[in-house]
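Please keep the sequence and the structure in view while reading.

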Amino acid sequence: MRKNIRIISLLVIISFGLTLSGCYKSDKYIFVDSTFNYVGDPVNFYDNTYIEVFKIALSEISEEEFISRNNENVIRNHLNSKCYEVNITLKFSDEDSGSQYSFDYLGKIGDRSDGYQILLKLDNESEDLDADLTIILQFLGPIGSSTASEETAGRISVVVIKNEINGVVDNANYIDFPALLYIEEGKWKWNIMQ
């Protein structure tokens, strides 16, 4: 009898643990046509080259368009499988206006929920900059939101995991990159309330 209680208790604990880990690893956020903006002081990116503006704009596209792009400047939402064209704009401090930069979509990060990996290509002659940055875009809910599934993403955490700048891998002169972008006001909603 005692042995059966221990076995049942162990099974309950294992089941509970698997349920919790499944909650944390599943994708939670959907995308809408929107723009995410960096809000903050200019960031010293590389050797006194500052980034003032960083924007990521999403526009829904068809499956056929996604396939034809061959993983360039596109992303697929893993929660609902919708496809998006993605325009990344950066403005360096000594530029009059920002420029769009291309990237290769490398896919989802293993079992990490709402994490997408890209290879951003920063080729900028005026900054004497030729850089490839491997980045994780981690989609998050809006500030103060619940963690319910199928909520519209309201923020993007940006983490550079590898850099190659002007031919040097993991360049020692790399300093920082804008780390958090927010969706433009009025573009998000809690879909569970619909």
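The text below takes up model confidence, then the core, and then the aromatic pairs.

The model is predicted, with a mean pLDDT of 83 for the protein chain and 77% of its residues reaching 70 or more. Over residues 16–24 pLDDT stays under 50, and the model has 2 contacts beyond four places in sequence for them; over residues 186–194 pLDDT also stays under 50, but there the model has 23 such contacts.

The largest nonpolar core comprises 43 residues, and those with the most contacts inside it are Phe-45, Phe-54, Leu-120, Leu-122, Phe-139 and Phe-177. Beyond its neighbours within four places in sequence, Leu-122 is in contact with residues including Phe-45, Leu-90, Tyr-101 and Phe-177.

| Pair | Centre to centre | Angle between planes |
|---|---|---|
| Phe-54 and Phe-177 | 5.2 Å | 70° |
| Tyr-116 and Phe-139 | 5.5 Å | 85° |

Phe-54 counts as buried at 2% relative accessibility, and Phe-177 counts as buried at 4%.

Tyr-116 lies in strand 8 (residues 115–124) and Phe-139 in strand 9 (residues 129–140), so their pair ties together parts 23 residues apart in sequence; both residues are buried.

Phe-54 and Phe-177 also belong to one aromatic cluster with Phe-45, Tyr-46, Phe-92 and Tyr-174. Finally, Arg-76 lies over the face of Phe-66, at 4.5 Å from the ring centre.

Technical notes
Residues numbered from 1 in each chain as written. Predicted model: local features only at pLDDT ≥ 70, side-chain atom pairs only at ≥ 80, totals over all residues. Heavy atoms only, no water. Core = buried A, V, L, I, M, F, W, Y, C linked by side-chain atoms within 4.5 Å. Buried < 20%, exposed > 50% of the residue type's maximum accessible area, 1.4 Å probe, protein only. Contact = heavy atoms within 4.5 Å. pLDDT = per-residue confidence, 0-100. Phe/Tyr/Trp six-rings, centres within 6.5 Å; stacked < 30°, edge-to-face > 60°. Helix = DSSP H or I, 4+ residues; strand = E, 2+ residues; numbered from the N terminus. Lys NZ or Arg CZ within 6 Å of the ring centre and 35° of its normal.
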